[in-house]
Structure formats: C-alpha cells, structure tokens
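Hello,

Here is the structure for you to look over. My notes follow it.

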Amino acid sequence: MAERYELRFSGAGGQGLITAGIILAEAASIIEGRHAVQSQSYGPEARGGASKSEVIIGEAPIDYPKATIVDACLAMTQEAADKYAVGIKKGGVLLVDSDFVKNPPQGDYKIYSLPIMRTAKVDVGREIVANVIALGAMIALTDVVKRESGEQAVLAKVPEAFKDLNKKAYSLGFDKMKEVLAG
Amino acid sequence: MAKKIALLQGNEACAHGALYAGCNFFGGYPITPSTEVAEVMSGELPKVGGKFIQMEDEIGAMASIIGASLAGSKALTATSGPGVSLKQELIGYACIAEVPCVIINVMRGGPSTGMPTGPGQSDVMQARWGTHGDHAAIALCPSSCQEIFSETVRAFNLAEKYRMPVQVLFDEIVGHMRERIVFPEPGELEVIDRTAPSVPPEQYKPFDTSFGDVPPLAAFGSDYRFHVTGLNKAEDGFPTTKAELVDAEERRQIRKVEGAEARADIELNEEYMTEDAEVVIFAYGSTARSARYAVNELREQGIKAGLFRPITLWPFPEKRVAELGEQVKAMVVAEMNLGQMVFEVERIVKNTCKLGLVTRVDGDPLTPTQIIDQVKEVL
C-alpha cells in the first residue's frame, strides 16, 4: 500500500483539537511540501462531548481520506479515549492526558501519558494552549513532521500577541514528550 | 513570485474557484453541508465589487441567479439535494430560457431532509433529470479540493459557453475535508465569458441560430431589449407554438450539449491503470478516492484492476465506457447511493462485460475493502 501515516486527535469539543489537526496538516503539506488530508467530526457527532480530527500524511497524494488503521492517537478525555482510541495499529501509539484518562483502552499498541491540561494551566498559565502542547507532544512522539515545521505552522496560525505563548506551549509539549521517550 | 498555497476545505476551494472564474453574484440560502461556500462568498464578493445576497429561500436563490445572469453577471448558488429539489422548476426555466448559471450541490443523503450531516451521492440522477421536460444537462463531479477549484472554474466556462445551468456535485466528505490548494495564477486556467451580440441593438434576436446552436446573449437592461419566457420561443424570444420552430428549438437545446463536438469539449475523465486492466472500477467524487486505494491493493494481490473516474458525469461518457467494456472482463460501479449511475453503465456494457455494484448509504464513505470484496466477487 502507498505510504500513509494516520493520526487522530480526540478530546472534548472546544479543546482546539480540530485546530491542532489543521496545524499539523499545514506543517506537512504547506511547510514540508508533502501530502496531507485533514477531516473532522461533524454534525451531531461533533455536538456531543467528544470530538475528533484526523490527519493522513503521505509522500504521494492521499486517496482514501479517512483513517483506516490509526498510527497515532491522542485522547484528552476519558470519553474521547473510549470513543476514538479504537482501530489503532499494532505497534502504534496512544497518548493520553494522564489527569483525565484514568483507564486508557488497552491494545496491541504503546500507551504514553502526559499531564497536558495541567502543563497548560501551571507551566504556561493558559488552558487554551493545551491543544498546542498536545500537538508538540504528538510531533515529538511520532516524528511525523520536523519539530521546526510544527512550530512554524503554529506561529503562522496565531495572532502576533500570542506567538510567544504558543511557542512556549509547543516547546513544552515537545520537550516533555521527548523526556518521557528517553525514559 | 511563488504561488499562493493554502490548506482549504473543499467548500472554501469552490468559492475561490468561482471568484477565479469571475463570479460576481452569489444568491443562496444556507444549507448543510454547503454553507461554507456561501460564507466565503459573502466575505470575498464585496471586496471585488460583486454582490452577495441571502435570499428568503432556495427558490428565491435560484430566481436571483437567473436574474443576475440575464443582467450580465456570472452567477452562482450553492446548496444540497433538498435545495436542488426546490430549485427544480427554475432550473427548467434556466434551461429553456438559456441562462448561464452555476449550481453547487454538496450532496448529502435523502430523500427529503435525510441525514443533513452525512455524505451521499444520491443526487446524480436529480442532476440529470431534476426538472420536467426534455433538457440537456451538464454536471461535473470533482473528487479533491484542488479539483473542486478547477471544476468550479470549468463549470462557469461551460455555463457561459453553452448558455445553460451547470451543476457541480461533490459531497460532504470532499466539501469538508482540507487539502493543499495551489492557487492558479490569473491566466493559468482558461476563463470563458459569454459571447456578446455582434449586431446593433435593433437587429438583436436572443435566439438567432444563424450564429450557431448557442446564440449570443445580451445583458438584460442594457441597450439590447428582448423578451424572456419559459414558453417555447422563436428566434426573437417571443412565445411560439409553430410546430417546426418548437421542434427545432427542443432538438437544438439537446444537440448543443450532446452533439459530438460539444461532448468532446465537455466530457472529462481520469483513468488510472486501465491500459491492461481486466476489471475496471467506475467511481466518481469522493468514492473514486476509495476506489483508487482499492486498485493499488488489488494490483498488489495480482489482480489487474483499473479505475475509470468520470469528472463530467453528464453528459455521460458513453464512448469511453463502451471501449472499456470491450476490453475488460468486468466493471464494478461504486457509489454512495443504492444504484444510480450503474444503470447508465449497464446501458452501455450489458453485452460486453460482467457488471458489479457496491453501494453504501449509512452516512459513512465506501471503504476500499468493500470495493475490493465486490471486485473479487464479480471476477
């Protein structure tokens, strides 16, 4: 099969995970010049508690635009984990917010946890950047795009006044994940 | 200078394609899953001196684009299947009065309200026959965000060139997903404007066929005065019941789209790995993306599969489908409805190859696996 890497960001509606997916797709397709398709939960599905955003990245044009077997999944809440941490590839990865996902669904994949929301609140002082922390962590976990590409895409998305805040959030997410990976 | 690139939703790409084509009027009524088309047009049209109006309903929206177009604008509306149902009477009016306009249908399920937020491809026959009476139809069906941009441009070109309504059909999946768009430079894609009259106002006849099957159209309200009606009409635009005039008009309106020369101009297909194919999947819009994935998978398994993707759905690509029918052992039609285009394919290939059908109408896209299974079953 053509090379494709599938990511799913899930959490509570309003946590900015659709934006995180869009930023990742921009990093891959606009900044790195590769191919990406982003889609998201829509309609009644999106109005419930949990929402998701999917990004497929490849070196060739992406044909089927939805996830088939997920390489990497993020779950920010227990509800999102229960609903969307499914169909993860054997050997894939699941990242959860350690404070909110107490019972991550088990499977033939590696589970990592980080206090994403707490990092936003305590280390950055703004819960609103949790999605950018999560994005940094997911990029660190998967190496699906370069660190710099992710940062550039984040900064292109936010207003001037919030650039430093988001840069800090992105770096924190990235570095904390790398620390976890280093054991 | 580097070209402008952006990650856009299909619906957003559609609006930008319309602007590239010179669209300067949008009349619409919001409906899921097409609303982003209107949203972008409402922001962008005022910047280029165009007009945006949200009408009281779908019927009013269709009436507004007919009026705007007659007055010389390049006019667009965007809706979904239920909206097209309401517009049907006026689509017929635009057909017989020969008014260029573009109708975007971001398809969902149905009938009636159906499942507004789910994708569907069940309006493909509506696009062909969705108004009463004999009439020609042009419908285009892109399957990526970039192609939505370029096919929207082409829809305007065909509407203006053939003086008729043109529909662009895509579905919720492509309408809402985001992909990279490379904005073409001005002049990079062909932009066609309608042919203006070459005669002075006093000699102008709006349906003067001495200029060909598509007579020049003057702007209503300019120095050129003419009559517009939904009745069969003579060259001067006034109603007629003269048998030979009615007959000639009815036949001309079909011929202008379905004549050999017009077909060659309007039809557009993409083929993938069909050269040596023993089985061809016939799929369009977002389903063609699943089909392409299926073709790669089948090839890896040693099955010589190919994809035929009509980008122009109407007029139906009879000639090429017939040729493929002679070549292959089987064709498999994949569509997000309970079987519509399959009857067109069957009409063409029923004596030459086996035919399979795989459908889905539960709000999720057809998966490559479903298509692969059907291909294997038919073989």
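Predicted model: local features only at pLDDT ≥ 70, side-chain atom pairs only at ≥ 80, totals over all residues.

Residues are numbered from 1 along each chain as its sequence is written, while chains are lettered from A and ligands numbered from 1 in the order in which they are written.

Chains first. On chain B, 17 residues are in contact with 17 residues of chain A (contact: C-beta atoms, placed from the backbone, within 7 Å). Elements of chain B giving two or more residues to this side are β1 (5–9), α7 (172–176), β8 (178–182) and α10 (286–300). Helices (H or I, at least four residues) and strands (E, at least two) are DSSP runs, numbered from the N terminus. The largest share, six residues, is from α10(B). By class, this side of chain B has seven nonpolar, four polar and six charged residues. Ala, Val, Leu, Ile, Met, Phe, Trp, Tyr, Cys and Pro count as nonpolar, Asp, Glu, Lys and Arg as charged, and the others, Gly among them, as polar.

Now the domains. Chain B splits into domain 1 (5–182), domain 2 (201–264) and domain 3 (270–378), with bounds from an automatic or database domain assignment. In chain B, the C-alpha centres of domains 1 and 3 lie 26 Å apart. There, 24 residues of domain 1 are in contact with 20 residues of domain 3. On the domain 1 side, α5(B) gives the most, with four residues.

Best wishes

Notes:
Contact = placed C-beta atoms within 7 Å.
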